[in-house]
Amino acid sequence: MADQVLPRPPALDAALDAVPAVEPAAEIPDPLPNPLPAEALGPEPAPALAAVDEIMYVYYLLLCGIFLPGISGLFWGGKGYTELWGFKNYTKYEPGHKNTNIIITVPHGGNLYPSKQSNGEGWPYRQRYGCKASDGRCCSWTHSCGLTSTDCKAVIRNDKYTLVIARDIADGIEEITGFRPHVVYNMLRRSKLDASRDIHEATFLIPDAIIAYQDYNNFISQARSAITGRGLLLDIHGQSHLPERTELGYLISRNNLNNGRYSVEQTSIRSLGERWCGTNKACFKELILGDRSLGYFMNQQGLQAVPSPQNKKPNKAKYYRGGYTAKKYGSRDRGDIDAIQMEFPTTFRKRWGTDSENRVVRAIFSFLNQSYYQDLLTDGGL
């Protein structure tokens with residue numbers, strides 16, 4: 001089912017009139033080899049959304065799923081595909097070929113760290129910790145929440161090299177199939193915006209961060225809406241713990257992987273599992289860690305992965321099961337677009353090159369060829 005972008009209510013017009021117009025974006029080098037200084041972002045527009053009541057009203061609308069008009073322009077990037085940039089080039093969307101059913105997202109690889117917002121106010125870094133809310137259970141994510149708590153930890157470290165990895169995977173899939181996937185990038189550093197968290201933790205309620213966050217999610221929604229039928233979203237991340245292996249996240253916790261306690265309806269590949277296995281748990285486990293899994297095809301390329309036939313479970317090692325993007329845009333709760341989070345280890349990312357790209361792309365394509373063949377290869381997809 002296509003994502004619905006709700007119509008803008010008339011009451012919002014006045015507030016949005018205060019948002020500065022954005023000039024057509026100039027191309028930013030991709031990948032960005034070094035962080036850009038704040039002054040590289042150009043002159044700041046006139047103040048907008050400064051009043052607290054306006055900010056909270058826009059924030060309320062965001063919670064209701066109404067998108068802000070941060071998109072700045074569509075143009076050719078000189079690379080054989082189009083580029084659609086968000087507000088102040090903080091996000092980027094490369095729309096895929098009309099026949100592709102693949103989406104690649106990269107939320108934590110950006111290098112931009114503006115010091116000021118478009119309203120002239122400062123843009124502080126996201127704090128390492130939020131505060132406990134009054135109920136003692138939830139976390140409050142603002143810079144003025146008061147006494148912080150270690151129970152409310154915010155991650156601010158970038159997943160280095162993931163912008164390049166995401167782009168190269170898209171290039172590789174295009175080279176094999178002739179059709180480029182959809183690719184969505186967050187160009188901001190994670191210390192300014194975590195595009196793979198809920199809006200509170202992601203933005204600390206900084207107005208420009210909210211706009212960039214909504215642009216990023218709007219781009220993903222556009223990509224999903226462009227896909228007819230089944231598809232697959234690959235969410236590209238980096239992890240730094242041992243052992244060095246790629247962690248594949250399906251929304252299954254470490255304990256449940258270790259104990260084998262999971263079912264198809266709990267995962268981000270529910271659509272794939274139900275299509276091929278129905279309620280057969282043994283069949284579905286083959287899609288997670290057996291000879292029909294993405295991990296299997298990575299093993300076939302000489303790559304270590306968990307879960308996979310070579311590493312069926314993480315045991316006591318740290319393991320990322322999949323986060324916000326896989327939950328929101330995978331098929332667990334709706335639709336036929338599955339999602340897998342790919343956490344590449346540090347050394348692998350540092351040594352990323354043609355050989356690494358070819359191995360990962362071949363593994364991904366082999367998985368697609370087997371698991372999505374009827375829809376992606378014969379019914380108008382790949």
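**Exercise 1.** In this predicted model, determine which residues of strand S10 (residues 246-249) are buried on each side.

Solution. 
- Step 1. Apply the cut-off, under 20% relative accessible area for buried.

**Exercise 2.** Find how many bridges join S10 to strand S11 (residues 305-306), and how many join S10 to strand S12 (residues 337-345). State the sense of each pairing.

Solution. 
- Step 1. S10 and S11 run parallel and are joined by two bridges. In S11, Ala 305 stands opposite Thr 246.
- Step 2. S10 and S12 run antiparallel, with three bridges between them. Here Glu 343 of S12 stands opposite Glu 247.

**Exercise 3.** Work out the strand order of the open sheet of three strands with antiparallel pairing, and identify the edge strands.

Solution. 
- Step 1. The order is S6-S5-S7.
- Step 2. Strand S6 (139-140) and strand S7 (148-153) each pair on one side only, which makes S6 and S7 the edge strands.
- Step 3. Strand S5 (residues 129-132) pairs with S7 over two bridges in the antiparallel sense. Thr 148 in S7 is the bridge partner of Cys 131.

**Exercise 4.** Locate the cis peptide bond that ends at Pro 243 and the one that ends at Pro 307.

Solution. 
- Step 1. Recall that most peptide bonds are trans.
- Step 2. Leu 242 and Pro 243 are joined by a cis bond with omega about -5°. Pro 243 belongs to the loop between strand S9 (231-239) and S10.
- Step 3. From Val 306 to Pro 307 the bond is also cis, with omega near -5°. Pro 307 is in the loop between S11 and helix H10 (324-329).

**Exercise 5.** Phe 204 has a positive phi, as does Asn 315. Is Phe 204 buried or exposed, and how does Asn 315 count?

Solution. 
- Step 1. Most residues other than glycine have a negative phi.
- Step 2. Phi is near 50° for Phe 204, a residue of the loop between helix H4 (199-203) and helix H5 (207-225). Its relative accessibility is 2%, so Phe 204 counts as buried.
- Step 3. Phi is about 55° for Asn 315, found in the loop between S11 and H10. Its relative accessibility is 44%, so Asn 315 counts as partly exposed.

Conventions: Residues numbered from 1 in each chain as written. Predicted model: local features only at pLDDT ≥ 70, side-chain atom pairs only at ≥ 80, totals over all residues. Heavy atoms only, no water. Pairing = 2+ DSSP bridges. Helix = DSSP H or I, 4+ residues; strand = E, 2+ residues; numbered from the N terminus. Buried < 20%, exposed > 50% of the residue type's maximum accessible area, 1.4 Å probe, protein only.
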